[in-house]
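Please keep the structure open alongside the numbered points.

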Amino acid sequence: MPPLPNAVTAAELQTLSSRAISAKEAAYCPYSKFRVGACIITDAGEYIVGANVENAAYPVGTCAERVAFATAIVAGHKDFKAIAVATDIKPGASPCGMCRQYMREFTTPSFPIYMYDGEGNYTVKTMSEVNPPPSESPRFYDTDVFAN
């Protein structure tokens, strides 16, 4: 297993991972059959889970990571230590681009993301590794690029 970042203890990681893996059972994914569970640990030590919820109108579905973060935010949590994301594939899946942007709103660049595969093995990356800062290129911010 990769070394643990300082953000969570081994006991916290065990709880985080078991709850993310268990959360897959709650996934509603009749179209893709791709179960995803997630669990966040807050700075206060609370664990909040989420699972993916699909919809026949594809973009209306919600990923497990966003379910967990939205639940946490609505419950009043604003500070987070880590997230675990569990899938049934090997290797485990990284959060999608939409989830990366969503998570970036509420985390720091060093926020750890533990990605579990179907066998319980994980890789860990930081928020900045999966979602680097936007380009510093002046063209990136140039609104004239979109002018007709």
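Predicted model: local features only at pLDDT ≥ 70, side-chain atom pairs only at ≥ 80, totals over all residues.

1. Two strands are said to pair if DSSP finds at least two bridges between them. By this criterion, β1 and β3 pair in the antiparallel sense, over six bridges.

2. Is β1 mostly covered or mostly open? It is mostly covered, since six of its six residues are buried. The burial involves both faces of the strand: G37, C39 and I41 lie on one side, A38, I40 and T42 on the other, and all are buried.

3. Helix α2 comprises residues 64-74, and its buried residues are A64, E65, R66, A68, F69 and A72. An α-helix has 3.6 residues a turn, so residues three or four places apart point the same way. Against which elements do the buried residues of α2 pack? They pack against the strands β1 (37-42), β2 (47-51) and β3 (80-86), and against helix α3 (97-104). After α2 comes G76, whose phi is positive, near 100 degrees.

4. A pair of aromatic rings is described by the distance of the centres and the angle of the planes. The structure holds six aromatic pairs. One of them is formed by F69 and F106, which are stacked, at 6.1 Å centre to centre and with 20 degrees between the planes. This pair links distant parts of the chain, with F69 in helix α2 and F106 in the loop between α3 and β4 (112-116), 37 residues apart. The two partners can also be described by their accessibility: F69 has a relative accessible area of 0% and is therefore buried, while F106, at 26%, is partly exposed.

5. Another aromatic pair consists of Y116 and Y122, which are tilted: the centres are 5.2 Å apart and the planes make an angle of 45 degrees. Both Y116 and Y122 are buried.

6. Finally, which residues form one aromatic cluster? The members are F69, F80, Y102, F106 and F111.

Methods:
Residues numbered from 1 in each chain as written. Heavy atoms only, no water. Buried < 20%, exposed > 50% of the residue type's maximum accessible area, 1.4 Å probe, protein only. Helix = DSSP H or I, 4+ residues; strand = E, 2+ residues; numbered from the N terminus. Contact = heavy atoms within 4.5 Å. Phe/Tyr/Trp six-rings, centres within 6.5 Å; stacked < 30°, edge-to-face > 60°.
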